[in-house]
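I'll talk about aromatic rings and then about the surface.

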Amino acid sequence: MMDGVIESFVSDFKKVSDLPYLIINGRSNEGGNSGNGRELCRYFIRKNQPHYIDNKEMSPVDNSYKGKIVLLTSPITFSAAESFVIDMKENGNTVLIGEPTAGDTGNKPRTFKTSNGICFRIPTASPSVSPKGFPLEGIGIKPNYFVSQTVSDFINNKDTQLEFAKQYLTTKYK
């Protein structure tokens with residue numbers, strides 16, 4: 001969700017916009033700018049919906065994606081990436097697979113530096129809820145299908161969650 005993600009995404013979106021389904025990997029996304037997540041979400045929603053932060057209406061882009069969407073999540077998914085997950089989940093056409101997110105959308109984080117040079121960030125805004133009532137701090141977003149990486153699969157270089165997602169899509173949407 002960092003700077004430049006929109007431009008990169010828009011050029012790649014044209015290559016996948018007609019596919020019957022997409023798997024979006026949000027598992028190692030530690031966030032960035034929630035505005036970027038909001039803009040990305042517009043490519044996947046099919047009708048107007050309120051954005052999680054300010055309840056302002058998000059409208060789909062003209063050529064928004066019409067296929068099935070799976071979004072992979074993990075405890076590393078947080079800040080602006082978690083905000084993106086909330087918007088995607090609340091649009092009703094996304095299935096979440098993986099593990100719950102971190103439970104921290106950022107909430108207007110502010111960076112502080114101690115006199116010893118140690119930096120840390122803490123939320124500075126009052127906690128709130130998404131348009132559909134999900135708390136935006138302290139509770140991770142639960143996936144529709146909880147799937148965690150097994151030790152055996154890790155050792156054998158198998159991505160348990162991605163394999164589950166592919167199996168889910170090919171079984172459900174033959």
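Let's start with a quick one: is V151 buried or exposed? V151 comes out at 63% relative accessibility, so it counts as exposed; the scale is buried under 20% relative accessible area, exposed over 50%, partly exposed in between, with a 1.4 Å probe and protein chains only.

Before I go on, this is a predicted model, where local features need pLDDT of at least 70, side-chain atom pairs count only at pLDDT 80 or more, and totals for chains, interfaces and linings use all residues. Residues are numbered from 1 along each chain as its sequence is written, and side-chain values use heavy atoms, with hydrogens and water left out.

Back to V151, which sits in helix α4, residues 151-155. Helices here are DSSP runs of H or I with at least four residues, strands are E runs of at least two, and both are numbered from the N terminus. Together with F154 and I155, V151 makes a nonpolar surface patch with about 390 Å² of accessible area. For a patch, residues need over 30% relative accessible area and no salt bridge, and we join nonpolar side chains (Val, Leu, Ile, Met, Phe, Trp, Tyr) within 5 Å and like charges within 9 Å. A salt bridge means a side-chain nitrogen of Lys or Arg within 4 Å of a carboxyl oxygen of Asp or Glu. Areas are Shrake-Rupley, again with a 1.4 Å probe.

There's a positive patch too, made of R46, K66, K68 and K172. Lys and Arg count as positive, while His and the chain ends are not counted; each charge is placed at NZ of Lys or CZ of Arg. K66 is in the loop between β3 (57-58) and β4 (68-73), and at 57% relative accessibility K66 is exposed.

Now the rings. Phe, Tyr and Trp (its six-membered ring) pair if their centres lie within 6.5 Å; planes under 30 degrees apart are stacked, over 60 edge-to-face, the rest tilted. That gives 8 aromatic pairs. Take F13 and F44: centres 6.3 Å apart, planes at 85°, so edge-to-face. F13 is in helix α1 (residues 5-16) and F44 in the loop between α2 (34-41) and β2 (49-50), so this pair ties together parts 31 residues apart in sequence. Both F13 and F44 are buried.

Then Y145 and Y168, with centres 5.1 Å apart and planes at 50°, so that pair is tilted. Y145 is partly exposed at 33%, whereas Y168 is buried at 12%.
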